[in-house]
Amino acid sequence: MTAAHHWRPMTAADLPAVDAIAAIVHVNYPEDAAVFAERLSLHPQGCYVLQFEHERNDITGYLISHPWTFKQPPALNSLLCAIPSPASTYYIHDIALLPQARGGGAASDILAKLMTAATSFADNVSLVAVAGTERFWRRQGFVNVEDRALARKLTSYDDSACYMQRRLGADIPAIPA
């Protein structure tokens with residue numbers, strides 16, 4: 001990551017920028033603004049934005065995550081209503097970076113921070129990889145989770161969506177690009 005960017009906690013004031021980035025980055029996976037607002041409301045400590053250090057309103061990416069139930073990914077564009085307690089996984093709902101913020105290590109930087117924080121909630125982190133991102137997630141130490149019932153749950157995303165998991169506490173280093 002270049003010195004010009006930094007991650008900070010997301011606030012409600014950031015939600016219009018988050019929605020705009022999602023519309024650019026995830027054209028084929030649209031979600032209502034209410035989905036992002038609810039995730040922030042339910043688990044603010046799992047929501048971050050990436051911005052230039054010297055420009056307050058220039059957000060170039062975001063990460064949304066929360067405790068959840070293993071092998072039960074929320075359907076695309078759905079509200080959670082509540083966070084389970086206890087949780088059996090820490091779920092990465094979404095990470096999105098505008099093209100100008102990619103390639104500098106910003107995603108890896110926030111994921112390293114997230115892996116440490118996630119240990120307070122579960123012994124693993126899970127996500128749904130879409131749009132050809134499976135390779136990126138493998139480099140971060142994630143592996144595919146195969147399950148017939150789970151495959152049916154992924155149909156709200158697309159045919160290439162795959163559920164992935166990374167165990168925590170096993171000192172699994174990220175694989176270099």
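This is a predicted model: local features need pLDDT of at least 70, side-chain atom pairs count only at pLDDT 80 or more; totals for chains, interfaces and linings use all residues.
Residues are numbered from 1 along each chain as its sequence is written, and side-chain values use heavy atoms, with hydrogens and water left out.

**View 1**
Seven strands make up an open sheet of mixed pairing, in the order β1-β2-β3-β4-β5-β7-β6. Helices (H or I, at least four residues) and strands (E, at least two) are DSSP runs, numbered from the N terminus. Two strands pair if DSSP finds at least two bridges between them. The edges are formed by β1 (5-9) and β6 (143-144), each of which pairs on one side only. Between β6 and β7 there are two bridges, and these strands run antiparallel. Asn144 has Met164 in β7 as its bridge partner.

**View 1. Strands β3 and β4 with helix α1.**
Eight bridges join β3 (residues 59-68) to β4 (residues 89-97) in the antiparallel sense. Trp68 has Thr89 of β4 as its bridge partner. Helix α1 (residues 15-25) lies across β2 (47-52), β3 and β4, and runs at about 95° to β3. For this angle, axes are lines fitted to C-alpha atoms, for helices over the stretch in contact, and angles run from 0 to 180 degrees between N-to-C directions.

**View 2. Surroundings of Asp94.**
Asp94 belongs to strand β4. Apart from neighbours within four places in sequence, Asp94 is in contact (heavy atoms within 4.5 Å) with His26, Phe36, Tyr62, Leu63 and Ile64. Which side chains make polar contacts with the side chain of Asp94? One is the side chain of His26, at 2.8 Å; another is the side chain of Tyr62, at 2.4 Å. A polar contact is a pair of N or O atoms within 3.5 Å; within protein, one must be able to donate a hydrogen and the other to accept it, and residues adjacent in sequence count only if both atoms are side-chain atoms. Asp94 is buried yet has no salt bridge, and the nearest side chain of opposite charge, that of Arg39, is 9.4 Å away. Lys and Arg count as positive and Asp and Glu as negative; His and the chain ends are not counted.

**View 3. The pair Arg39 and Glu38.**
A salt bridge is a side-chain nitrogen of Lys or Arg within 4 Å of a carboxyl oxygen of Asp or Glu, and the count by this rule is five. Arg39 forms one with Glu38, where the closest N and O atoms are 3.3 Å apart. Arg39 counts as buried at 1% relative accessibility. Glu38 also counts as buried, at 14%.

Towards β4 the pairing is parallel, over three bridges, and Ile92 has Leu127 of β5 as its bridge partner. Towards β7 the pairing is antiparallel, over six bridges. In β7, five of the six residues are buried.

**View 4. Arg167 and Asp123.**
Arg167 stands opposite Asn124 in the pairing of strands. The side chain of Arg167 meets that of Asp123 in a salt bridge of 3.6 Å, N to O. Arg167 lies in β7 (residues 162-167) and Asp123 in the loop between α3 and β5, so the pair ties together parts that are 44 residues apart in sequence. Asp123 is partly exposed, with a relative accessible area of 43%.

Glu134 and Arg138 form a salt bridge, with the closest N and O atoms 2.9 Å apart. Both residues lie in helix α4 (residues 134-139), four residues apart, about one turn of the helix. Glu134 is partly exposed at 26% relative accessibility, and Arg138 is partly exposed at 37%. Asp109, in helix α3 (residues 106-118), is partly exposed with a relative accessible area of 37%. Asp109 and Val145 are 36 residues apart in sequence and 24 Å apart in space, C-alpha to C-alpha.

Technical notes: Buried means under 20% relative accessible area, exposed over 50%, partly exposed in between (1.4 Å probe, protein chains only).
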